[in-house]
Amino acid sequence: MLGAHQETPPPPSSPIPRKEHLLSTAMKRTSEWIYSQEVPSDIDVKVGGSSFPLHKYPLVSKCGYIRKMVSEVNHPNTSAIEIPDVPGGAEAFELVMKYCYGINFEITAENIAMLRCVAEYLEMTEDYTVGNLVSRAEAYLEEVALQSLSAAVTVLHKSEELLPVSEKVKLVSRCIDAVAYMACNDSQLRSSSRTDNYQEGFSSSSQPNAIVDWWAEELTVLRIDTFQRVLMAMKARGFKQYDLGPVIMLYAQKSLRGHLRQRKEEHGTKGRA
């Protein structure tokens with residue numbers, strides 16, 4: 001029996017998901033940097049359930065969308081605005097915030113789709129400052145991300161979560177075209193190499209009947225509709241339809257495994273409820 005002065009301990013708090021924890025930690029560090037400046041924040045921007053205490057000038061000097069919002073409100077001295085439906089949510093807006101304040105961060109294949117889409121949404125174009133985020137994101141796409149099949153697939157996969165903005169900026173179509181081009185070129189080189197090896201004396205039995213190129217594994221992360229568009233682009237570039245068989249089989253196997261795993265997880269969750 002509990003004594004009169006004993007209290008029931010509070011239930012343990014549920015752990016914060018790792019991604020949300022990392023995001024909140026990064027946002028805290030950025031906010032601390034902003035608070036450390038001599039000029040106090042004069043605007044509170046709400047994005048995706050998160051609040052960012054900021055300064056108007058760095059934002060309106062680079063973001064056409066925010067400039068319009070600030071100028072069009074009934075009270076120009078307003079200290080709070082809410083931006084709905086930001087592509088990438090609070091995570092994307094934090095990168096925009098860092099860019100506006102000149103805080104360094106790394107552009108990667110993992111975040112470039114989000115950067116390109118949020119820059120488009122917030123109208124971060126050359127109309128507001130030279131070398132704005134739209135042009136910088138485009139430079140990275142053209143010079144880095146779309147030069148590698150693996151990176152192009154990563155950007156395409158991330159773009160699936162950013163529709164319809166990613167379609168508006170033609171990010172999806174450009175990635176599909178780049179993937180199809182590099183996959184077809186790689187397959188042609190490998191086919192030529194296999195033919196040369198055979199002519200040099202290798203027997204046909206030394207080669208597997210169905211060869212799945214390395215890039216086929218990369219495509220298994222894509223949604224079925226995106227995967228179909230990649231295949232159509234490859235066929236348009238001359239990829240033989242019978243050579244797509246092993247690629248489709250690999251995709252189907254991976255998708256089926258993922259579907260079965262999800263069903264098991266859902267079943268296990270229901271069983272524990």
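**Entry 1: a first pair**

Which side chain meets that of Glu 142 in a salt bridge? I looked it up in this model, which is a predicted one. The partner is Arg 174, and the N to O distance is 3.2 Å. Next I checked where the two residues sit. Glu 142 belongs to helix H6 and Arg 174 to helix H9 (residues 171–199), so this pair ties together parts of the chain that are 32 residues apart in sequence. I also looked up how open Glu 142 is: its relative accessibility is 40%, and it counts as partly exposed.

I picked out another one, between the side chains of Lys 68 and Glu 123, with 2.8 Å from N to O. This pair links distant parts of the chain, 55 residues apart. Lys 68 is in helix H3 (residues 64–72), while Glu 123 is in the loop between helix H5 (112–121) and helix H6 (133–143). Lys 68 is partly exposed at 37% relative accessibility, and Glu 123 is partly exposed at 23%. For Glu 123 I kept the cut-off in mind: buried means under 20%, so at 23% Glu 123 falls in the partly exposed class.

Then I turned to Lys 254, which forms a salt bridge with Glu 217; their closest N and O atoms are 2.8 Å apart. Lys 254 lies in helix H12 (residues 244–272) and Glu 217 in helix H10 (residues 215–219), so here the parts tied together are 37 residues apart in sequence. Lys 254 has a relative accessible area of 30% and is partly exposed. Glu 217, at 38%, is partly exposed too.

My pair from the opening entry turned up again in a network. Salt bridges with shared partners join Glu 142 and Arg 174 with Arg 116, Glu 120 and Glu 138.

**Entry 2: the sheet**

In what order do the three strands of the open sheet stand? I found S2-S1-S3, with mixed pairing. From one strand to the next, the twist averages 20°.

I followed one pairing along its length. Strand S1 (residues 43–47) runs antiparallel to S2, and five bridges join them. One detail I noted is that Lys 46 has Ser 51 in S2 as its bridge partner. Helix H4 (residues 89–101) packs on this sheet and touches S1 and S2. The direction of H4 makes about 10° with that of S2.

**Entry 3: one threonine**

Is Thr 226 buried or exposed? I found it buried, with a relative accessible area of 6%. Thr 226 is in helix H11 (residues 224–236). Leaving out neighbours within four places in sequence, Thr 226 is in contact with Leu 156 and Glu 160. I also checked Val 172, which is 54 residues from Thr 226 along the chain; their C-alpha atoms are 8.7 Å apart.

**Entry 4: the nonpolar core**

Nonpolar side chains tend to be buried together in soluble globular proteins. With that in mind, I looked up the largest nonpolar core here, which has 74 residues. Ile 66, Ile 83, Leu 122 and Met 234 have the most contacts inside this core. Helix H9 gives the largest share, ten residues.

I ended with Met 234. Not counting residues up to four places away in sequence, Met 234 touches Ala 180, Ala 183, Cys 184, Trp 215, Phe 239 and Leu 244.

Note on methods: Residues are numbered from 1 along each chain as its sequence is written. This is a predicted model: local features need pLDDT of at least 70, side-chain atom pairs count only at pLDDT 80 or more; totals for chains, interfaces and linings use all residues. Side-chain values use heavy atoms; hydrogens and water are left out. Two strands pair if DSSP finds at least two bridges between them. Helices (H or I, at least four residues) and strands (E, at least two) are DSSP runs, numbered from the N terminus. Axes are lines fitted to C-alpha atoms, for helices over the stretch in contact, and angles run from 0 to 180 degrees between N-to-C directions. Contact means heavy atoms within 4.5 Å. A salt bridge is a side-chain nitrogen of Lys or Arg within 4 Å of a carboxyl oxygen of Asp or Glu. Buried means under 20% relative accessible area, exposed over 50%, partly exposed in between (1.4 Å probe, protein chains only). A nonpolar core is a set of buried Ala, Val, Leu, Ile, Met, Phe, Trp, Tyr and Cys residues joined through side-chain atoms within 4.5 Å.
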